[in-house]
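Reader: Hi, could you walk me through this model? I'd like to start with the overall fold and then look at some side chains.

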Amino acid sequence: RDSQSDLETHRHDLKRKLDLEKEEVRKELTNQHERDIADERQRLQQELKSKVGEFEATAAAGAEKGDELQRRTGESEAELRSLRGQLDERAAEVQRLQTAKADLERERSLQRAAFEQLQRE
């Protein structure tokens with residue numbers, strides 16, 4: 001009977017020891033899991049911060065480029081208006097010269113007719 005009681009006590013001690021070890025291993029695994037989660041969360045936050053920074057830099061560069069394009073478009077439109085004005089001035093000058101040429105040709109024709117009239121007389 002003593003040996004059976006000793007055996008029971010020994011088995012009970014082993015079970016309690018095993019339960020304590022199981023609890024310790026569970027705590028260690030839980031702590032490691034929580035550390036892993038915290039590390040991953042920190043890594044993801046840093047990655048997000050980096051991506052946000054990249055996005056903001058890209059957006060700022062895009063806005064700057066858009067502003068530059070808008071400025072250049074304004075300059076091009078102003079240059080186009082100037083060129084159109086010059087073209088209108090040149091067209092008016094061409095019209096004046098054509099009118100003057102026609103007037104001179106008419107006058108020359110009249111002078112030739114008068115000269116021919118004088119020669120016949």
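Reader: Great. What kind of model is this, and how are the residues numbered?

Author: This is a predicted model, where local features need pLDDT of at least 70, side-chain atom pairs count only at pLDDT 80 or more, and totals for chains, interfaces and linings use all residues. Residues are numbered from 1 along each chain as its sequence is written, and side-chain values use heavy atoms, with hydrogens and water left out.

Reader: Thanks! How many helices and strands does the chain have?

Author: One helix and zero strands. The helix, α1, covers residues 2–120. Helices (H or I, at least four residues) and strands (E, at least two) are DSSP runs, numbered from the N terminus.

Reader: And what box do the C-alpha atoms fill?

Author: Roughly 175 × 20 × 10 Å, taken along the principal axes. The radius of gyration of the chain is 51 Å, while a compact globule of 121 residues would have one near 14 Å. That radius is taken over C-alpha atoms, and the globule rule is 2.2 Å times the number of residues to the power 0.38.

Reader: New topic: what percentage of the residues count as buried?

Author: 0% of the 121 residues. Buried means under 20% relative accessible area, exposed over 50%, and partly exposed in between (1.4 Å probe, protein chains only).

Reader: Is R108 buried or exposed?

Author: R108, found in helix α1, is exposed because its relative accessible area is 51%.

Reader: And where does L83 fall?

Author: L83 lies in helix α1 too, and L83 counts as partly exposed because its relative accessibility is 45%.

Reader: What about the accessible surface of the chain?

Author: That comes to about 11,700 Å², of which 54% belongs to carbon and sulfur atoms. Accessible areas come from the Shrake-Rupley method with a 1.4 Å probe; for residues, only the protein chains shown count as cover.

Reader: On to charges. How many salt bridges does the structure hold?

Author: 10. A salt bridge here is a side-chain nitrogen of Lys or Arg within 4 Å of a carboxyl oxygen of Asp or Glu. Side chains of opposite charge can pair when their charged atoms come close.

Reader: Which residue does R43 meet in a salt bridge?

Author: E40, at 2.6 Å, N to O. R43 and E40 are three residues apart in helix α1, about one turn of the helix. R43 is partly exposed at 39% relative accessibility, and E40 is partly exposed at 36%.

Reader: Which residues are linked with those two in a network?

Author: E47: salt bridges link E40, R43 and E47 in a network.
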